[in-house]
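These are my notebook entries on a structure that is new to me. I wrote down what I looked up, in the order in which I looked.

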Amino acid sequence: MAGGGSSVEQPRPLPCSSLIGGAGPRAARLPCPRGPARPVGVSPEAGARALAHVGGPERRRGRGGARSRNARGAGGAGRREPVRGRSGSPGCVRSRALGETGAMNTVLSRANSLFAFSLSVMAALTFGCFITTAFKDRSVPVRLHVSRIMLKNVEDFTGPRERSDLGFITFDITADLENIFDWNVKQLFLYLSAEYSTKNNALNQVVLWDKIVLRGDNPKLLLKDMKTKYFFFDDGNGLKGNRNVTLTLSWNVVPNAGILPLVTGSGHVSVPFPDTYEITKSY
Amino acid sequence: MLSLDFLDDVRRMNKRQLYYQVLNFGMIVSSALMIWKGLMVITGSESPIVVVLSGSMEPAFHRGDLLFLTNRVEDPIRVGEIVVFRIEGREIPIVHRVLKIHEKQNGHIKFLTKGDNNAVDDRGLYKQGQHWLEKKDVVGRARGFYQENRSVEDRNCKLLICSLYWDCDDPHE
């Protein structure tokens, strides 16, 4: 029996047998012919047991035929046997490349490698994008001008006191942002902020107005007589008579990939607030 | 079918190889954990990489984009910065921009935030009676950004993340 078995299983690549009974990816690993391939490192008794276990060639059920049979045979002989059996039998299992067993697997493997390659290319491109613009200076000169300043004292529910100072400012901005935009800048978030200090708080910063400039929008800013978008509330009554309120235009550079820096434009203007409150309803 | 084949593989290994495989697996898992914890220490933030969940910071950040955060103590919070903060009583952190800060002499700071795509500031999102945020609410400051592919990620991300957190359809977030 053993002799008969071994004469059958001399490893010869048989193209058709792999398609029989195999389904999907399992088919790729069913290269061996009907009889079981005798693993190299297994004792003859185990081999005989394996062959007897297999019986006739019709036993294959479309699973990993040779491999699982070998496993059972090897398992019977002794579990310590190294797994040389599978790879040892030449030509039976591993040499059957995926490409040979059907058009489906070829397409899949090609799509797989294409996908992996494109992913790595994209990753390299993204990193290149980041590293080439990481250390650029993104500051440009800005001209600010304030035309009207008014101060009111109104009720404020956000603080512990009854009334807080509320400032109204009308301003102009002139800036040319063209040099900031490059291949890695998706948009600029501009914001006009007022910075000052009061008796209550050592540092106050309030954003009065902001704007989003996308890549492709007109990069030259020529804004006149703009009103503030957000209320200029102080946390207290510190705006009255405050001469040192500084307005600056800054921007947040949003890249396609990489660092998000905050850059301040060079050019600021001081806003001296009046000493009295405005009580008329006008603005 | 597949499981039986895997078991055969395992059965064929001797004890040493089995232990080796288990150790290998353990090494991989602990390496990943070490890298994550190391990032947490370096950045000082409890969550160094976050995913943007909502559209309130468009067009800068869309759903599915990655943000890299740092939270070092010596970096003061200033207006215009993008902060990720957590409101008491809600577990999902929010990514918005700082609108106003008031800092006292001793370093105690209170600030207000607003999403770029929202019309109003975040006071409506804070806890009842809370008007300002403080440093302890901050998870981190956004320092780096990586955008995901827009077409498929939007939908997939929303499906996946909304299945993990029930209340992610909050319009303000």
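**Where the chains meet**

I began with the contacts: 41 residues of chain B touch 45 residues of chain A, where contact means heavy atoms within 4.5 Å. The model is a predicted one, in which local features need pLDDT of at least 70 and side-chain atom pairs count only at pLDDT 80 or more, while totals for chains, interfaces and linings use all residues. Residues are numbered from 1 along each chain as its sequence is written, chains are lettered from A and ligands numbered from 1 in the order in which they are written, and side-chain values use heavy atoms, with hydrogens and water left out.

Next I looked up the area. The size of an interface is often given as the accessible area lost when the parts come together. About 3600 Å² is buried between chain B and chain A, and carbon and sulfur atoms give 54% of that; the figure is the accessible area (1.4 Å probe) that the two parts lose on being put together, summed over both. B:Arg12, B:His102 and B:Phe145 supply 18% of what chain B buries against chain A, more than any other three residues.

How many salt bridges does the rule find across the interface of chain B and chain A? It finds 1, a salt bridge being a side-chain nitrogen of Lys or Arg within 4 Å of a carboxyl oxygen of Asp or Glu. B:Lys110 and A:Asp235 form a salt bridge, with the closest N and O atoms 3.1 Å apart. I then noted which elements of chain B give two or more residues to the side that touches chain A: α1 (2-12), β4 (94-103), β5 (109-114) and β7 (138-146). Helices (H or I, at least four residues) and strands (E, at least two) are DSSP runs, numbered from the N terminus.

**Strands across the interface**

I found strand β8 (residues 257-259) of chain A paired with β7(B) in the antiparallel sense, over 3 bridges; pairing requires that DSSP finds at least two bridges between two strands. The bridge partner of A:Gly258 in β7(B) is B:Phe145.

**Backbone entries**

Most residues other than glycine have a negative phi, and most peptide bonds are trans. B:Glu58 and B:Pro59 are joined by a cis peptide bond, with omega about 0°. B:Pro59 sits in the loop between β1 (49-51) and β2 (66-70) of chain B. A:Asp225 is not glycine, but its phi is positive, near 55°. A:Asp225 lies in strand β5 (residues 220-227) of chain A.

**Confidence**

Chain B averages 82, and 83% of the residues score at least 70. Within chain B, helix α3 (residues 150-164) is lowest at a mean of 51, and helix α2 (residues 15-43) is highest at 93. Chain A averages 71, with 62% of the residues at 70 or above. Over residues 50-96 of chain A the pLDDT is below 50, and this stretch has 82 contacts in the model beyond near neighbours in sequence. For the complex, the predictor gives an ipTM of 0.72 and a pTM of 0.65.

Definitions and conventions:
pLDDT is the predictor's confidence in each residue, from 0 to 100.
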